Amino acid sequence: MNNWNKRGEKYLSVYWFAILVIVAVGISAMVIIFYGKPYDVREIEAGILINKIVDCLSNADGTLNAEINNENFLNKCHLVLGDEYYLEIDPFGIKQGNFNLKDYCGKGESVVCVKRNVYLLDEENREVIIKILSVVGKDA
Amino acid sequence: MLNTTIQNRKGQIAQTMNWVVATIIIVIVLTISFFVVTKGETGQWILPDKQKDFVATKSIVNFVDINSNLIEDSIVSGNYSDFDKKFNPFLWNLSVVACDNICRYRGAWNLRFEGKVFAEHDIILYSLGDKDLYYVDFIFPIKDKQIKLKFWEASGWINL
């Protein structure tokens, strides 16, 4: 009778370890799935840059701020661009940042390029299409 | 004899039942957690604050503002050929183009008239239904009728 009881306890111990293993493997798998790949936030970063530029190029009523040019762009828009950024804005002819990054657009994952068009109105209420290219490379 | 054996093992049976219930709870909790993590990792959940696109909203408001006559004429006459010529490229221009290995549209904007319109008309460039990202709605009054212009972006990679 006592032997029977001990067999039950033995099975229960094995079962207890099996549950421990299932929980441990489950938690490890979830952590690996969630944190396994490095976060690539360059596209989001490029989008945020574009948002800042649009905010800077347009007045509160949606009209174009015509005062901005290549020389005063960084100052007026309160931007400081490091070597891993490049910005191009047409038709203003604004080109700022690391020029070399543009050559890698569409040629691999070393840079992420985001292009966006914005419709603004000039002083005479005519539509102006502004094309913005934002390139973010890998931090050295 | 049988009754006595069962009586003697009441404790064991109770303990086993505890373990069965515990196992079921553990499996349910793990499955739910796994589902949440997998969904979060693939970015399928869209937060409410993501349903705003500052740049697109600005463009749409400006574009509708200067093309209000065209919209009104098209709706009243029911002839949308000029409207489509003007709005189709505009909707494509609203989309973000992102490049890594290749350049692709990251989603596409669509337009639908809602409310009591004179003639039904949609411009659907790309739509998956349940994966819409952003909405821009505004009311457009035409001849005492309130017409809603609904612009929305559907997510999905589209080759240029």
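Biologist: Among contacts in chain B between residues at least 6 apart in sequence, what share joins residues at least 24 apart?

Modeller: This is a predicted model, where local features need pLDDT of at least 70, side-chain atom pairs count only at pLDDT 80 or more, and totals for chains, interfaces and linings use all residues. Residues are numbered from 1 along each chain as its sequence is written, and chains are lettered from A and ligands numbered from 1 in the order in which they are written. Two residues are in contact if their C-beta atoms, placed from the backbone, lie within 7 Å. For chain B, the share of these contacts that joins residues at least 24 apart is 59%.

Biologist: What pattern does chain B follow along the sequence?

Modeller: Helices (H or I, at least four residues) and strands (E, at least two) are DSSP runs, numbered from the N terminus. Chain B has 5 helices and 5 strands. Read along the sequence, they follow α-α-α-α-α-β-β-β-β-β.

Biologist: What percentage of the residues in chain B is buried?

Modeller: Count the other C-beta atoms within 10 Å of a residue's own, with C-beta atoms placed from the backbone: 20 or more is buried, 12 or fewer is exposed, and in between is partly exposed. Chain B has 160 residues. Buried residues make up 19%.

Biologist: Which element gives the most residues to the side of chain B that touches chain A?

Modeller: Here 28 residues of chain B are in contact with 30 residues of chain A. Helix H2 (10-41), helix H3 (54-66) and strand E1 (96-99) of chain B each give two or more residues to that side. With 11 residues, the most comes from H2(B).

Biologist: How many residues does H3(B) have, and what span is expected?

Modeller: The expected span of a helix is 1.5 Å times one less than its number of residues. H3(B) has 13 residues. From first C-alpha to last, H3(B) reaches 19 Å, close to the expected 18 Å.

Biologist: Which residue of chain A stands opposite B:Val97?

Modeller: Two strands pair if DSSP finds at least two bridges between them. Strand E3 (residues 111-121) of chain A and E1(B) are joined by 3 bridges and run antiparallel. In E1(B), B:Val97 stands opposite A:Lys115.

Biologist: Which residue in E2(B) stands opposite B:Val96?

Modeller: E1(B) also runs antiparallel to strand E2 (residues 103-114) of chain B, joined by 4 bridges. These two form a hairpin, with 3 residues between them. Within this pair, B:Val96 stands opposite B:Arg106.

Biologist: Which residues of E1(B) point the other way from B:Val96 and B:Ala98?

Modeller: B:Val96 and B:Ala98 point one way, and all the residues named here are buried. Pointing the other way are B:Val97 and B:Cys99.

Biologist: Is A:Gly82 buried or exposed?

Modeller: A:Gly82 is found in the loop between helix H3 (73-76) and strand E1 (85-90) of chain A. Because A:Gly82 has 11 other C-beta atoms within 10 Å, this residue is exposed.

Biologist: Which residues does A:Lys102 touch, not counting those up to four places away in sequence?

Modeller: A:Lys102 is found in the loop between strand E2 (94-97) and E3 of chain A. With 16 C-beta neighbours inside 10 Å, A:Lys102 is partly exposed. Not counting residues up to four places away in sequence, A:Lys102 touches A:Tyr86 and A:Val135.
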